[in-house]
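Please read them with the sequence and the model open.

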Amino acid sequence: LLKPAKKKKLPPGPMGLPIIGHFHLLGKNPNEDLYRLAQKYGPIMYMRFGSMPTVLVSSPAAAELFLKTHDLNFASRSPHEASKYISYEQRNMAFAKYGTYWRDMRKLSTLELFSGLKVRQFQPMRRTEVRLMVESLKPAAERGETVDMSLKSAAIVGDIMNLTVFGRKFGDNDLDHEKGFKEVLTATMAEAAAINIVDFFPYLKWLNLLGASRRIKNLAKKYDKFVTRIIDDHLQSEERKGKNGDFVDTMMAIVESGEAGFEFDSRNVKAVLLDMILAGTDTAASAVEWTLSEIIKNPMVMKRLQKELEEVVGMDQLVEESHLPNLKYLECVVKESLRIHPPVLLLPHSSIEDCEVDGYYIPGGTRTLINIWAIGRDPVAWPNPEKFDPDRFVDSKVDLRGHDFHLLPFGSGRRGCPGLQLGLVVIQYVVAQLVHCFDWELPNQMSPDQLDMSEHYGLVSCRATHLMAIPTYRIRDQTKTTS
Ligand code: HEM
């Protein structure tokens, strides 16, 4: 006698509504709503957004199952309508499905763009830019003026990233009469992050709801115009010839050599350059903005950090990247900030085929979101999780490179962030410089504990309100450092 087939058990989850599924349970901060739901339904939870089955992963142990034990099966991405138009027919990496193309691109960029050597190559440029930032803050410091440090963080990180990737900085109305390159990139990021209804209701494709596809196509055209011009400039520049310079040079040299080992032309280069800017700019800027916010909100942390900087760097020179390995407390401060404020709140994975995880059946093609924000607040892993306390990392071996599943700001496994090393250097270097050179106070006699720390949800999270602060210059003498 044939036994009846065992019913496959999906993970638990709340009741959904017809058609929309569970969209109605999400508010302005879905990471927080999903965290609360996980406390009721468990760390592996099943929901449906439109017609999109989704698994939510909300604890360190569960994250390890998805990102280590079953890493390969969850190393894909869900369909993403926006990336179709901005990625030169799916030639990008960050939104690419798992497969040969993604593997080739990942290998190539890890080798050519993210090596330790490449990160070090841009050190002089970062030094110049960070010094320019300090100079730009001095007049406000002299006059006791308030500075928008959210904009400043975005500007310094944006300049460093643009110089790394494109070899130049961009003004607001650069290269285009109508819209600057900066604006095109910001708008593209916003479109990539926006909930595109077609991703959740694929049968509505024909509707082109909200005009999103048309808007994205227009942006993609503009980006193409800019980036084509930038590549042409690189190719025509005599002084660049033979130099292993910015990412454009590096990638175009591979195109010209024909040694990529797979179909690789200027369309792939353009798609990957955009990936790097979209994945690397807002993330690092958000981390700088949040870390500085926490330092200002916790004056004892600022004092201790300044003491460490005085001991390691002194008061008569500026911080250099070579000082970073000796700034142990700074490392703890940055880790703690990334724990409470991970720039990417939900890792966007997708399963490749049907599989069983922890006794639950998960069909192939299931969107799988790892709630990094929730994991950083896991009460078992993190006692008193809401408290900003860098001391938890003093004498601790917990790192943020994806080995410790309770601290995953850069993800983990095959899909983990390839720009980790570059991102960390930028965050640590910029924050160290800001805190070493300046004391920081809040405007209007606001006390540190009054600083609002609300979060704005997005593909990359940031502060809901800009960080406004008054710098006071505190370095004695800089004459040794102006070279
Ligand atoms: C504070 C800085 C940064 C943070 C917190 C961060 C975080 C992340 C996270 C969480 C992911 C997704 C991992 C996953 O899906 O499991 C990711 C992917 C990625 N990041 Fe970063 N990142 C940072 C900086 C950078 C920089 C500077 C670059 C490049 C210049 C970069 C390039 C990428 C790329 C290309 C991917 C996609 C990888 C793939 O899909 O295979 N990131 N990053």
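1. Strand β4 is largely enclosed by the rest of the structure, because four of its five residues are buried. The model is a predicted one, and what follows should be read as a description of that prediction.

2. The partner of β4 is strand β7 (residues 367-371); the two run antiparallel and are joined by five bridges. Two of the pairings can be followed by residue. L346 has N371 of β7 as its bridge partner, and H349 stands opposite T368, also in β7.

3. Which strands make up the sheet that holds β4, and in what order? The sheet is open and has four strands, in the order β1-β2-β7-β4, with mixed pairing. β1 (44-49) and β4 are at its edges; each has a single partner strand, so one side of each is left without a neighbour in the sheet. From one strand to the next, the twist averages 25 degrees.

4. A helix lies across this sheet. It is α2 (residues 60-69), which lies across β1, β2 (52-57), β4 and β7. Its direction is at about 135 degrees to that of β7.

5. Is V57 buried or exposed? It has 30 other C-beta atoms within 10 Å, and the cut-off for a buried residue is 20 or more, so V57 counts as buried. Leaving aside neighbours within four places in sequence, the contacts of V57 include T368, L369, I370 and N371. Also among them are P43 and I44, as well as A62, A63 and F66. By contrast, L113 lies 56 residues from V57 along the chain, and the C-alpha atoms of the two are separated by 31 Å.

6. On the ligand: the shell around it consists of 25 residues, of which G280, G411, C417, G419 and G423 come nearest. By type, the shell divides into 15 nonpolar, seven polar and three charged residues.

7. Which elements supply the shell around the ligand with at least two residues each? They are α12 (266-297), β4 (346-350) and α16 (420-437). α12 gives the most, with seven residues.

8. A second open sheet has three strands in the order β3-β11-β8, with antiparallel pairing. Its edge strands are β3 (147-148) and β8 (438-441), each of which pairs on one side only. Between β3 and β11 (residues 468-473) there are two bridges, in the antiparallel sense; V147 stands opposite A469 in β11. Helix α6 (residues 123-143) packs on this sheet and touches β3, β8 and β11. The direction of α6 makes about 90 degrees with that of β11.

9. On confidence: the protein has a mean pLDDT of 91, and 92% of its residues reach 70 or more. The exception to note is residues 479-483, where the pLDDT is below 50. Beyond near neighbours in sequence, that stretch has four contacts in the model. Where pLDDT is low, the predicted coordinates should not be read in detail. For the complex, the predictor gives an ipTM of 0.98 and a pTM of 0.94.

Technical notes. Residues are numbered from 1 along each chain as its sequence is written. This is a predicted model: local features need pLDDT of at least 70, side-chain atom pairs count only at pLDDT 80 or more; totals for chains, interfaces and linings use all residues. pLDDT is the predictor's confidence in each residue, from 0 to 100. Two residues are in contact if their C-beta atoms, placed from the backbone, lie within 7 Å. A residue is near a molecule or strand if its C-beta atom, placed from the backbone, lies within 6 Å of it. Ala, Val, Leu, Ile, Met, Phe, Trp, Tyr, Cys and Pro count as nonpolar, Asp, Glu, Lys and Arg as charged, and the others, Gly among them, as polar. A residue is buried if 20 or more other C-beta atoms lie within 10 Å of its own, exposed if 12 or fewer, and partly exposed in between; C-beta atoms are placed from the backbone. Two strands pair if DSSP finds at least two bridges between them. Axes are lines fitted to C-alpha atoms, for helices over the stretch in contact, and angles run from 0 to 180 degrees between N-to-C directions.
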